[in-house]
Structures are given as structure tokens and as C-alpha cells.
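User: I have just opened this one and would like a walk through it. Could you show it to me before we start?
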Amino acid sequence: MASEEFQRILHSKEVDLVIIDACVNDFTFPVVDYLQVPFISYIPSAGFSWTVDALAVPPSYSYVPGGGSSHYSNMTFFERALNTFGME
């Protein structure tokens with residue numbers, strides 16, 4: 001927030017689209033709201049429950065490994081079940 005470039009962009013509002021890496025970056029949503037622009041929120045994992053809730057996105061635990069999980073994207077059925085029920 002102390003970056004001069006960021007402050008210039010924030011005050012000029014010369015932004016058409018904001019792309020956010022939403023992994024533990026909830027503080028960026030008020031910035032998007034302030035700028036009143038469309039945004040794309042990229043979540044590289046199943047996401048934390050508060051991030052998924054804030055975006056009103058249904059959780060995808062059945063095929064995306066949860067945060068802190070030792071599973072990979074090529075999970076077995078049993079691993080998918082553990083991931084799904086373990087993340088809720």
C-alpha cells in the first residue's frame with residue numbers, strides 16, 4: 001500500500017480489470033470495491049473457506065486438493081472422499 005505506483009493507480013482509478021491471486025489476499029477486495037471495476041480472482045487451490053464464501057463460489061474439494069492437504073490433483077476416489085469431507 002505504500003508503493004507510489006500503487007497509490008497513483010488507486011487515486012487515478014485508471015483501471016479496467018483487476019486480477020487477484022486470492023490465496024489469503026482478502027484485503028484486495030475492498031480495493032476492487034473502491035475502484036468499481038470487474039475482477040478475476042484466481043485461487044490456485046481449493047481455497048480457504050472464507051475466501052470461497054466471500055466469492056460465493058461452490059467448493060471444489062472433490063477434485064481440487066485442499067490447502068494443507070498432501071493430495072495431488074490425480075487423487076484416487078478414497079483420497080477425493082477424504083479431501084471433500086475433511087475440508088468441510
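This is a predicted model: local features need pLDDT of at least 70, side-chain atom pairs count only at pLDDT 80 or more; totals for chains, interfaces and linings use all residues.

User: OK, so how many aromatic pairs does a search of the whole structure find?
Analyst: The search, run over the whole structure, finds 1 aromatic pair. In general, such a pair of rings is described by the distance of the centres and the angle of the planes.

User: Let me step back a bit. How many helices and strands does the protein have?
Analyst: There are 4 helices and 2 strands in the protein, and reading along the sequence gives the pattern α-β-α-β-α-α.

User: And what share of the residues counts as buried?
Analyst: The protein has 88 residues, and 26% of them count as buried.

User: In which sense do E1 and E2 pair?
Analyst: E1 and E2 pair in the parallel sense, over 4 bridges, and within that pairing Asp21 stands opposite Tyr42 in E2.

User: Which residues of E1 are on the covered face, and which on the uncovered one?
Analyst: Val18 and Ile20 make up the covered face of E1, whereas Ile19 and Asp21 make up the uncovered one.

User: Why does Val18 count as buried?
Analyst: Val18, which is found in strand E1, counts as buried because its relative accessibility is 17%, and buried means under 20%.

User: New topic: what volume does the largest pocket have?
Analyst: The volume of the largest pocket is about 180 Å³. Its lining has 13 residues, and those closest to the centre of the pocket are Phe6, Val18, Phe27, Thr28 and Val31. Two or more lining residues come from each of helix H1 (4-12), strand E1 (18-21) and helix H2 (28-35).

User: How does that lining of the largest pocket divide into nonpolar, polar and charged residues?
Analyst: The lining of the largest pocket divides into 11 nonpolar residues, 1 polar residue and 1 charged residue.

User: Which residue lies over the face of Tyr34?
Analyst: That is Lys13, which lies over the face of Tyr34 at 4.3 Å from the ring centre. Lys13 is found in the loop between H1 and E1, and its phi is near 55°, a positive value in a residue other than glycine.

User: Why is Lys13 called partly exposed?
Analyst: Lys13 counts as partly exposed because its relative accessibility is 41%, and that class covers the values between under 20%, which is buried, and over 50%, which is exposed.

User: What about Gln36, where is that found?
Analyst: Gln36 is found in the loop between H2 and strand E2 (39-42). Phi of Gln36 is also positive, near 55°, in a residue other than glycine. At 63% relative accessibility, Gln36 counts as exposed, because exposed means over 50%.

User: And how far apart in space are Val18 and Gln36?
Analyst: From C-alpha to C-alpha, Val18 and Gln36 are 10.0 Å apart in space, and they are 18 residues apart in sequence.

How values were computed. Residues are numbered from 1 along each chain as its sequence is written. Side-chain values use heavy atoms; hydrogens and water are left out. On a 1 Å grid over the protein atoms alone, a cavity is a set of points where a 1.4 Å probe fits but cannot get out, and a pocket is an open set with protein on both sides within 12 Å along at least five of seven lines; lining residues have an atom within 4 Å of a point. Grid points are joined across faces, edges and corners, and a volume is the space filled by probe spheres set on the points. Ala, Val, Leu, Ile, Met, Phe, Trp, Tyr, Cys and Pro count as nonpolar, Asp, Glu, Lys and Arg as charged, and the others, Gly among them, as polar. Rings of Phe, Tyr and Trp (its six-membered ring) pair if their centres lie within 6.5 Å; planes under 30 degrees apart count as stacked, over 60 as edge-to-face and the rest as tilted. A charge sits over a ring if NZ of Lys or CZ of Arg is within 6 Å of the ring centre and within 35 degrees of the ring normal. Buried means under 20% relative accessible area, exposed over 50%, partly exposed in between (1.4 Å probe, protein chains only). Two strands pair if DSSP finds at least two bridges between them.
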